[in-house]
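Take a walk through this fold with the sequence and the coordinates side by side.

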Amino acid sequence: MNDNGLSVLFVDDEPHILDGLRRQLHVHRSRWKMRFAIDGAAALQMLETEPADVVVSDLRMTGMSGGELLRQIHEHYPQITRIIFSGQTDSVGLFPNLGSVHHYLQKPCEPTVLCRAIERTYELGMRLRSPRMRLAVNRIGALPPGGENYRALRVELGREPADISRIATLVSRDPALTVKVLQLVSSAFFGMPRRINDPHLAVVLLGVNMLQAIVVAGQVFDFLEKGKRHRDLVAAIWKSSIVTGELAARYAQDAHAPAETQQLARLAGMLSLIGRAILLQSEASSYEEVIALAKRKQLSLAAAEMEVYGATFAEVGAYALGLWGLPDAIVDAIASQAAPGSLPPSATNDASGFVHLARWTLGGPPRALDEKPNLDAAVAARHNLGALTQRGRECA
């Protein structure tokens with residue numbers, strides 16, 4: 001990816017579909033380099049000659065399916081953003097390769113929806129300038145869920161009948177499960193009439209059968225194979241994140257923020273440290289270097305991350321969530337959590353401010369994985385900080 005635009009490869013085994021895309025997207029030719037492949041084999045041959053930034057593939061194709069194509073691209077060209085076209089009747093065909101897909105678009109797809117999905121790749125890349133970090137995120141199909149939650153979820157999904165309310169509660173208490181469910185339900189593939197930010201509602205909308213296929217048959221969650229230390233570190237991040245989300249929502253409620261902001265604050269708080277979990281998952285050995293560097297130079301972990309990776313956990317987390325199709329409001333809240341006071345006045349009740357205050361209230365000592373950020377004076381002035389944080393300490 002470079003500042004000159006995007007290289008996009010479209011794959012479909014129906015020539016008239018490719019011709020239609022050429023006509024519809026002709027207006028973007030000055031900003032995108034577009035290529036078109038008639039099947040998966042042709043697409044892979046093109047990528048051998050010249051990789052792309054984005055691949056958009058139909059799901060049902062003669063010979064190699066779109067899911068299999070994107071799985072191979074995930075394996076051999078992990079830096080590529082991978083988008084699937086599918087009709088709702090094709091949903092079962094997606095499950096074996098869910099971990100290889102970033103975006104799911106329902107077919108037929110409005111050109112504006114397709115263009116937005118492609119353009120977002122460019123925008124996110126400009127926000128996370130480190131190629132190494134973009135590659136690390138693109139390699140990840142999913143994050144490791146909490147062991148107890150995941151086991152309990154599988155047990156509950158195996159019951160007859162399954163308790164959807166219990167299932168929703170288990171998902172909403174686990175950041176990794178929440179991200180995967182929201183990634184799916186927020187995609188155009190499922191045709192939801194509005195953006196879903198509530199993991200509990202997302203589970204209800206997906207339904208038991210879909211979740212059974214995703215969690216049991218799909219096997220889309222990655223599990224740490226890097227030893228007990230890293231599993232424990234990620235588990236500690238998830239535990240801290242859940243508490244942060246609850247306190248951020250409470251702060252938003254106490255500040256009489258709209259219900260939507262309260263929900264966004266809860267979700268952004270729960271996902272606030274996801275970038276650090278990603279680094280532990282994808283850069284396990286070098287993260288030990290980050291921890292050692294922070295201790296040796298008396299740096300914050302974020303400052304040490306910047307020295308080692310050229311990016312902080314917040315930038316990595318924001319890029320990942322944007323790549324996985326979560327709302328811009330969540331992406332912005334994660335990216336700006338260290339200094340939300342830099343947001344414009346129109347964002348007075350933005351979720352990032354409440355997440356920042358929650359992390360400042362609950363954060364651990366310097367160089368802890370959930371270390372307390374420096375208090376943003378603008379956010380402190382914007383809210384009745386004393387009253388909010390006093391209640392937060394009482395409830396934490």
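Does alanine 265 count as buried or exposed? Alanine 265 counts as buried, because its relative accessibility is 0% and the cut-off for burial is under 20%. This is a predicted model, so the answer rests on predicted coordinates.

Start with the setting of that residue. Alanine 265 sits in helix H12.

Now look at helix H12 as a whole. Helix H12 spans residues 259-270, and helix H17 spans residues 328-335. Their axes come within 10 Å and cross at roughly 55°. On the H12 side, the contact is made by Leu264, Leu267 and Ala268. On the H17 side, Ala329, Ile330, Ala333 and Ile334 meet them. By class, this contact has seven nonpolar residues, with no polar and no charged ones.

Turn next to the sheet. Five strands form an open sheet with parallel pairing. Which order do the strands take? The order is S2-S1-S3-S4-S5. Strand S2 (32-37) and strand S5 (103-106) are the edge strands, each pairing on one side only. From one strand to the next, the twist averages 20°.

Helices pack here too. Helix H1, residues 15-24, packs on the sheet and touches S1 and S2. The direction of H1 makes about 170° with that of S2. Helix H2, residues 40-49, lies across S1, S2 and S3. H2 runs at about 140° to S2.

How many of the residues of S3 are buried? Five of its five residues are, and the strand is mostly covered. Both faces of S3 are covered. Val54, Val56 and Asp58 are buried on one side, and Val55 and Ser57 are buried on the other.

The partners of S3 can be followed residue by residue. Strand S1 (residues 6-11) pairs with S3 (residues 54-58) in the parallel sense, over four bridges. Within that pairing, valine 8 stands opposite valine 54, and phenylalanine 10 stands opposite valine 56. Strand S4 (residues 81-86) also runs parallel to S3, and five bridges join the two. In S4, threonine 81 is the bridge partner of valine 54.

Finish in a loop. Where is serine 130 found? Serine 130 lies in the loop between helix H5 (111-127) and helix H6 (131-139). Serine 130 is buried, because its relative accessible area is 8%. Leaving aside neighbours within four places in sequence, serine 130 is in contact with Tyr309 and Gly310.

Key:
Residues numbered from 1 in each chain as written. Predicted model: local features only at pLDDT ≥ 70, side-chain atom pairs only at ≥ 80, totals over all residues. Heavy atoms only, no water. Pairing = 2+ DSSP bridges. Axes fitted to C-alpha atoms, helices over the stretch in contact; angles between N-to-C directions. Contact = heavy atoms within 4.5 Å. Nonpolar A, V, L, I, M, F, W, Y, C, P; charged D, E, K, R; others polar. Buried < 20%, exposed > 50% of the residue type's maximum accessible area, 1.4 Å probe, protein only.
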